[in-house]
Amino acid sequence: MNFSPVTTAQMETTALKVASRQITWNGTTAFQDVVIDINQPASVPDSVPVDNYPNPIPDHVLHPDVNGWVRVDQPALDNGFYGSLFYLNTTTIIGGGDASAGLTPGLAVPVADQKNGRMLYIQFQTTDDPANPGSPNLNTQSLIGKIYVNNWNEVNLLKLEELFAGGGSGCTPVSGTAHADYTVDHELIASWSLGVWSNATGTVSGLPSGTTPRGDAKKFDMASPSPFVLTPPFSAWPSCAYSLTLTTYRKLTTGEINDWGKTNQVIFCK
């Protein structure tokens, strides 16, 4: 494998606290955060700030060098770093973006247009002196981890046909039929669901949902939903405004937070 050093351009912009240091501030013992943060200029290695109270304690800022090494700050407590050690923005390495371009709600995504991810290999290495290839500790802790990355947004398309029938403006009541055309697609779909809510009915139950691989696509008539059974049925919905939604979740994580999901909404009246 040919590995490339991680650069600041590939890092997440969120500051990451990796350690604490003991300093003097306001004439007494205080603690300074050691952070990896590309939004702040790097501090002088191992430098300790002078007591500048009442100003706030500045961060001690680290950046990776041109070879991807991050120096462990020598005054850091507890033998150096702890917890999460690095934030990497995988979108700078593996592409992604909108996967819905050119697609039509209600139709399945052609296999040739389905967006897939790639395996990403990350090498972690520690040493006492990265500038010295002869160091006896250069390769004592060299590990290669792998993670499958798919940075494409899920396809989440929703259309209520009757709002567009005969050049409809969206203000014409939907009464006899209500065709919800939806398309869900992603390589790592966790779940998806169609939903309807209004002040008149509350949440309508019995609408399509699933956890099937990649998702689903269908032209679903809420007025004639067999084999689905809606409660209450469409015929019993009183005149009111309704919210039709398509919600999707992907099996993705930042390493700290799982995918928050995506909801597409159509408002109509009956």
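**Strand partners and a pocket**

Q: Which residue in E2 is the bridge partner of Ser20?
A: In this predicted model, local features need pLDDT of at least 70 and side-chain atom pairs count only at pLDDT 80 or more, while totals for chains, interfaces and linings use all residues. Residues are numbered from 1 along each chain as its sequence is written, and side-chain values use heavy atoms, with hydrogens and water left out. Strands are DSSP runs (E, at least two residues) numbered from the N terminus. In E2, Arg21 has Gln32 as its bridge partner, and the partner of Ser20 is Asp33.

Q: Over how many bridges do E1 and E2 pair?
A: Two strands count as paired if DSSP finds at least two bridges between them. E1 and E2 form a hairpin with two residues between them, and Asn26 in the turn has a positive phi of about 60°. Strand E2 covers residues 28-36, and its antiparallel pairing with E1 runs over nine bridges.

Q: In which sense, parallel or antiparallel, do E2 and E3 pair?
A: The three strands form an open sheet in the order E1-E2-E3, with mixed pairing. Val35 stands opposite Val61 in E3. E2 and E3 pair over three bridges, and the sense is parallel.

Q: How much space lies in the second largest pocket?
A: A pocket is an open set of points on a 1 Å grid over the protein atoms alone, where a 1.4 Å probe fits, with protein on both sides within 12 Å along at least five of seven lines; lining residues have an atom within 4 Å of a point. This pocket is lined by 14 residues, and Ser43, Pro45, Leu62, His63 and Arg71 lie nearest its centre. Its volume, the space filled by probe spheres set on points joined across faces, edges and corners, is about 160 Å³.

Terms used
Helices (H or I, at least four residues) and strands (E, at least two) are DSSP runs, numbered from the N terminus.
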